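The following exercises concern the structure displayed below. Each task is followed by a worked solution.

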Amino acid sequence: MIYSKTILDRFQNPRNAGKIPKASAVGEANNASCGDKVKLFLKISDTGIIEIAKFQAFGCSATIAASDILCDLIKGKTIDDSLKVSNYDFLKILGDLPAHKMHSIILAEEVIRVSIEDYYKRKERETRAQMRKNNASI
Amino acid sequence: MDRKIYLDNASTTYVSSEVLNEMMPCFNVIYGNAGSVHSFGRDAMAIVDRARDRVKEAINAQKANEIYFTSGGTEADNWAILGIAHAYAGKGKHIITSQIEHHAILNACHQLEKEGFEVTYLPVDSTGLVDLAELLHAIKKETILISIMTVNNEVGTIQNIKAIAKIAHDYNILFHTDAVQALGTMKLDVQDMEIDLLSLSSHKIHGPKGVGALYIKEGIAIEPILFGGENQERGKRAGTENVPGIAGFGKAVEIASKHYMITNQKLKTIRDYFLEQLGKNLDNFQVNGHPHQKSNAILNVSFYGVEGESVLMLLDLAGICVSTSSACTSKSLLPSHVLKAMGIPEEVAQSSIRISFGTNISKSDVDYVVSEIVKVVNKLREISPIKMRRN
């Protein structure tokens, strides 16, 4: 078996698979070379803490396991801290990962970046809408 | 959970007990070097000769001397491509093959391109068939060889070999076919099919690994790719004969060719029952390859919305062994060149697994496999962001 026990366990029984109906942010990332696709859903508190993280994945076992671990890694973290999650954090949990499967971690890192970007975009839209509303009421 | 079901027979097969029995004495009793003049050598050579006769009979070659033993299908393919190209380079430097060949052919062709040869890689249609009009169009004055596989190893499509061979000969071009996946499930007759060179492998038909053969019709010149002893394989293929391997291969070929019709019928029954059950229990999948002109042993299925490697891994955990050519399985991360050539969308190609049946699969095995596939696919679909439906 080329995978560690952790990967196999996470892949078979992902803890964080699914969607968040009214998510504060949603991001999707693709691996152009192998075609893997990961979608991330975040529920972020007003104080900027990631309260819930869930994922959907079309990909190999390593991608599913890495996405599941990503959710654990960012839960309870501030937005800024969630962006600091690194290869090293994944490998510490996953154990060994075959070299040609490193793209699974890279994909997980990318999807959190894209999701946070989405969060800021939504925030910006909200702020603008609020400003328009404020302006109208003046 | 201890149940193990092997559905990767296109990858390799177990060695049958008859074959094993044939091989055993060659390890410690008849262990002579087939090239030796003394009695030990002559005994070993007699075994090689008997195996050669069996291969000759199986493919209806005219003479046993047209059979050359190799280290397997890859060497046979490499040798056919490189050996013919080098022998006939004076006549022309153009070769025609297809985009869906085994890498043993494709990479040998890439080597020839480095040496200054020109290679045309024929496209295939959505069922995996080479278009004969395209073939005619690709033929040039300089074409010396056409190489098209008989049965594709990923999707099982069977090419119109006889027609392709006829076209080749109309233009005075040599014709080679990689018949590694064909042996044992269809009639191979090199005279009737007008084949000039044909590659065979032992371990796909319950023979041992590390042995195969190249049939070269008498009168055809070929350059060697291995250099050494001048007496081995009539000076064309150097290296001490793998006597146990050759003995086993000979027996395996004999059995496979004798029983190909029964084998085929069994495989068809298993495959059809599998598809029937799968269709009853699962939606949104497609079978890749030709609808009927294909091997009964190979079934390539795409389950929409789930990635092939993850299906393979979950099935493996349930004791079911299949294979996939999805990009995630290969270290290159490139999707299957065969499915790509057939114009199958990347997402669908990524969702494919190859199930290759053996005759030892029972009805209850199939029931178990179908129920596990349904479980696995549904589980993965639940967490997939891709929702695809059959058109």
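Two strands count as paired if DSSP finds at least two bridges between them. Helices (H or I, at least four residues) and strands (E, at least two) are DSSP runs, numbered from the N terminus. The model is predicted: local features need pLDDT of at least 70, side-chain atom pairs count only at pLDDT 80 or more, and totals for chains, interfaces and linings use all residues. Residues are numbered from 1 along each chain as its sequence is written, while chains are lettered from A and ligands numbered from 1 in the order in which they are written.

**Exercise 1.** Determine which residue in β12(B) is the bridge partner of Asn300(B), and describe the sheet concerned.

*Solution.*
1. Strand β10 (residues 298–303) of chain B runs antiparallel to β12(B), and 5 bridges join the two.
2. In β12(B), Arg354(B) is the bridge partner of Asn300(B).
3. The open sheet has 3 strands in the order β9-β10-β12 (chain B), with antiparallel pairing.
4. Its edge strands, each pairing on one side only, are β9 (285–288) and β12 (352–356) of chain B.

**Exercise 2.** Characterise the packing of α9(B) against α13(B).

*Solution.*
1. The axes of α9(B) and helix α13 (residues 363–382) of chain B come within 10 Å and cross at roughly 35°; axes are lines fitted to C-alpha atoms, for helices over the stretch in contact, and angles run from 0 to 180 degrees between N-to-C directions.
2. Two residues are in contact if their C-beta atoms, placed from the backbone, lie within 7 Å. Among the residues of α9(B) that meet α13(B) are Ile270(B), Phe274(B) and Leu278(B), and those on the α13(B) side include Val366(B), Val370(B) and Ile373(B).
3. By class, the residues of this contact divide into 8 nonpolar, 2 polar and 2 charged. Ala, Val, Leu, Ile, Met, Phe, Trp, Tyr, Cys and Pro count as nonpolar, Asp, Glu, Lys and Arg as charged, and the others, Gly among them, as polar.

**Exercise 3.** Locate the domains of chain B and describe how they meet.

*Solution.*
1. The domain assignment, automatic or from a database, gives domain 1 (5–13 + 260–382) and domain 2 (17–258) of chain B.
2. Taken over C-alpha atoms, the centres of these domains are separated by 28 Å.
3. In the contact, 26 residues of domain 1 of chain B touch 28 residues of domain 2 of chain B.
4. On the domain 1 side, α9(B) gives the largest share, 4 residues.
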